[in-house]
Amino acid sequence: MKPNTLLVKMHVRLKPGVLDPQGITTRQALEAMGYRGVEDVRVGKLIELRFHGKSRQAVEKEVAEMGKRIL
């Protein structure tokens, strides 16, 4: 990473109560493979954002806004 670069990792998941077909399929596959006792699986995404030349405070504000508006 370049100096003065910030890396932000955002974990994005479906809200509780929203159907997660990937999670259901993953849980069923684990069960079919013999892994019993997994009650629930939720699948999400990891998004990495790199910022260069911005202050940590500015990046935190911008990322919070992104999360509310887009993600």
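Visitor: How do the residues lining the largest pocket divide into nonpolar, polar and charged?
Guide: Four are nonpolar, two polar and three charged. Ala, Val, Leu, Ile, Met, Phe, Trp, Tyr, Cys and Pro count as nonpolar, Asp, Glu, Lys and Arg as charged, and the others, Gly among them, as polar. This is a predicted model: local features need pLDDT of at least 70, side-chain atom pairs 80 or more, and totals for chains, interfaces and linings use all residues. Residues are numbered from 1 along each chain as its sequence is written, and side-chain values use heavy atoms, leaving out hydrogens and water.

Visitor: Why is threonine 5 called buried?
Guide: Buried means under 20% relative accessible area, exposed over 50%, partly exposed in between (1.4 Å probe, protein chains only). Threonine 5 comes out at 15%, so it's buried.

Visitor: What makes the link between the side chains of threonine 5 and histidine 52 a polar contact?
Guide: They sit 3.0 Å apart. The cut-off is a pair of N or O atoms within 3.5 Å; within protein, one must be able to donate a hydrogen and the other to accept it, and residues adjacent in sequence count only if both atoms are side-chain atoms. At 3.0 Å the pair is therefore in. Beyond its neighbours within four places in sequence, threonine 5 is in contact (heavy atoms within 4.5 Å) with Arg50, Phe51 and His52.

Visitor: Which residues form the largest nonpolar core?
Guide: Val8, Met10, Leu49, Phe51, Val59 and Val63, six residues. A nonpolar core is a set of buried Ala, Val, Leu, Ile, Met, Phe, Trp, Tyr and Cys residues joined through side-chain atoms within 4.5 Å.
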